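User: I have a model open and would like to talk through a few of its local features with you. Could we go through them one at a time?
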Amino acid sequence: RYSLFYNHLKNIEESEGGLDKFTKSYKTFGVNQLADGGIYCKEWAPGAEAVFLAGDFNDWNPFSHPYKKLEYGKWELFIPPGARGCPVVSHGSKLKVVIRAQNGALLYRISPWARYVIRDEDKVNYDWVHWNPPQSYIHKHPSPKRLKSLRIYESHVGIASPEGKVASYKNFTYNVLPRIKDLGYNCVQLMAIMEHAYYASFGYQVTSFFAASSRYGTPDDLKEMIDVAHSMGITVLLDVVHSHASKNSEDGLNQFDGTDSCFFHSGYRGNHQLWDSRLFDYANWEVLRFLLSNLRMWIEDYRFDGFRFDGVTSMLYHHHGIGTGFSGDYNEYFGLHVDEDALCYLMLANHMINSLHPECITIAEDVSGMPALCRPVAEGGGGFDYRLAMAIPDKWIQIIKELKDEDWNMGDIVHTLTNRRYEEKYIAYAESHDQALVGDKTLAFRLMDAEMYTNMSVLMPLTPVIDRGIQLHKMIRLITHALGGESYLNFMGNEFGHPEWLDFPRIGNNESYHYARRQFNLTEDDLLRYKFLNAFDRDMNRLEERFGWLASPQAYVSEKHESNKVIAFERAGLIFIFNFHPYQSYVDYRVVVFKYKILLDSDAGEYGGHQRLDHNTEYFSEEYPHNYRPNSIMVSKILLLL
């Protein structure tokens with residue numbers, strides 16, 4: 001693998017003048033404004049017989065501006081400036097690349113490098129709009145320094161409002177970013193930013209890779225949003241989709257030059273059977289140029305601070321993870337079933353990012369557990385900084401769905417939360433957007449279900465279902481936060497137990513926006529119990545910021561008692577004690593600890609608890625060996641659902 005990576009890197013140095021020049025192609029491909037008012041255009045269309053540029057500027061004459069054919073399937077066009085140096089193609093005008101296919105047909109296409117595409121209300125397909133404003137947004141604030149502890153708020157701009165509509169970049173800037181800051185998150189991960197024609201795809205069927213989605217606003221609106229986040233000290237990550245692409249041809253990459261291949265494998269190998277999408281040919285030189293330049297553009301033009309790579313498992317294997325389980329056996333990770341070209345691309349991507357922008361962060365969404373994926377490329381690793389601990393949310397769902405409270409296995413919980421590869425960093429999460437989608441259930445909905453509609457008011461009696469649900473919701477998130485990894489992630493709204501599910505407007509729901517929104521207003525109503533979960537999540541994050549357990553070595557678990565249903569562990573100088581017993585509280589319970597003072601208590605009144613502990617007392621340990629530690633203490637109470 002490293003040899004393949006090294007050979008690619010060597011070839012880039014020899015034939016392209018180095019990685020820096022190779023990945024700056026986003027500045028030359030597509031349609032680019034020159035300083036003198038001229039226009040330089042460049043495309044890669046190896047299957048085309050001829051290429052032209054048409055648009056508002058030439059009254060849509062498909063033949064008046066032909067491209068010149070270059071080597072290796074590239075085409076270029078230079079349009080001189082107009083009178084007095086005025087640009088021939090004005091800002092906001094519409095364009096199309098016209099391809100004469102091998103069968104003689106004329107195909108009107110959007111450039112793969114297009115920076116801005118829009119869809120008029122009366123149309124189905126997107127239009128390519130030349131984006132070259134007289135004055136682009138100028139960033140005012142530097143990017144935050146690289147974080148040691150990532151507390152990630154996974155977000156979708158379009159649903160970030162209680163209103164039933166597509167929300168905007170402006171709304172996120174001025175209404176959501178302050179909320180994220182107040183909750184103690186220091187990183188926002190943005191989904192569905194790369195343009196996607198189908199809103200209900202959640203942004204995972206990308207049609208224009210270089211265009212920020214216009215349904216939320218303009219490119220400058222997004223730049224302002226990122227700049228404001230930086231002013232708050234918030235790191236901004238992009239959910240990047242390089243694992244596949246939409247099948248759209250009119251407004252996507254598919255059949256751009258009239259052939260089945262171009263950016264993708266041809267035939268069966270070029271199609272994802274479950275996602276109904278196209279699969280990139282990572283062995284192709286121009287595909288590498290396109291994808292690597294894409295990453296660099298998002299960093300340098302928009303100032304993103306890194307990426308969460310979606311669908312990495314699909315990239316790593318020829319079987320794409322379909323119908324395949326992963327047990328951890330090394331035969332599952334090495335062999336002819338591994339797509340070495342895709343893995344080499346990921347190594348190149350991480351090498352490029354680390355070389356040109358070492359402050360940036362990369363995260364792999366991989367369910368397989370590929371060894372060394374988060375080790376440096378120089379060691380033969382994949383080069384990622386973090387991987388998602390995808391087994392954790394599955395475990396919580398399995399426990400809540402299949403087991404009675406008294407059957408919860410403490411050892412199984414601890415094993416799942418601590419089972420990670422040595423010196424590879426994991427991002428722990430109890431649930432993400434996957435669990436919020438229609439057809440699934442969030443933790444809050446699994447725990448409280450229909451009673452969330454009737455019994456979340458403080459004016460109503462606290463029922464056993466709501467009481468149990470609120471307490472377990474807090475405990476699950478805290479133990480995941482403190483024990484599960486080196487970073488933590490939460491999907492927007494789940495911090496306060498957002499009711500119901502997430503469903504985008506589509507034919508199946510009569511194009512309704514009712515479930516495509518986040519009801520942040522629920523936390524602002526003092527008569528609703530959502531405020532308790534919101535407050536606990538905020539103080540949990542603030543406590544981590546104070547003590548930094550995510551950046552500390554893995555926890556020492558001193559107790560996982562099956563009959564008592566108690567888990568205790570030490571991390572970052574703190575001791576965490578959890579009582580998962582469904583009905584038993586304990587008095588004078590001995591735990592390993594040197595000094596004892598309550599810092600966070602899920603039973604506190606401000607978090608919807610029963611206020612059964614005294615927070616003003618400080619205790620010191622005695623030299624009494626317990627669980628292989630020399631000192632211990634008798635905790636006065638370990639309450640039910642502490």
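Predicted model: local features only at pLDDT ≥ 70, side-chain atom pairs only at ≥ 80, totals over all residues.

User: OK, which residues make the nonpolar surface patch?
Analyst: The patch is made by W60, F63, L106 and Y108, and its nonpolar surface comes to about 340 Å².

User: Where does L106 lie, and how exposed is the residue?
Analyst: L106 belongs to strand β7, which covers residues 106–109.

User: Switching to the open sheet, what's the strand order?
Analyst: The four strands are arranged as β1-β2-β5-β4, and the pairing is antiparallel. Because β1 (30–33) and β4 (68–69) stand at the edges with a single partner strand each, one side of each has no neighbour in the sheet.

User: And how many bridges join β1 to β2?
Analyst: Four bridges join β1 to β2, a strand of residues 39–44, and the two run antiparallel. As an example of this pairing, Q33 has I39 in β2 as its bridge partner.

User: New topic: is H581 buried or exposed, and where is it found?
Analyst: H581 is found in the loop that links β24 (574–579) with β25 (586–591). With a relative accessible area of 9%, which is under 20%, H581 is classed as buried.

User: What does the H581 side chain reach?
Analyst: It reaches the backbone nitrogen of Y583 at 3.3 Å, and a polar atom of the H581 side chain also lies 3.1 Å from the backbone nitrogen of Q584.

How values were computed:
Residues numbered from 1 in each chain as written. Heavy atoms only, no water. Patch = residues over 30% accessible without salt bridge, like charges linked within 9 Å, V, L, I, M, F, W, Y side chains within 5 Å. Areas by Shrake-Rupley, 256 points an atom, 1.4 Å probe, with all protein chains shown as cover. Salt bridge = Lys/Arg side-chain N within 4 Å of Asp/Glu carboxyl O. Pairing = 2+ DSSP bridges. Buried < 20%, exposed > 50% of the residue type's maximum accessible area, 1.4 Å probe, protein only. Polar contact = N/O pair within 3.5 Å; in protein donor to acceptor, adjacent residues only side chain to side chain.
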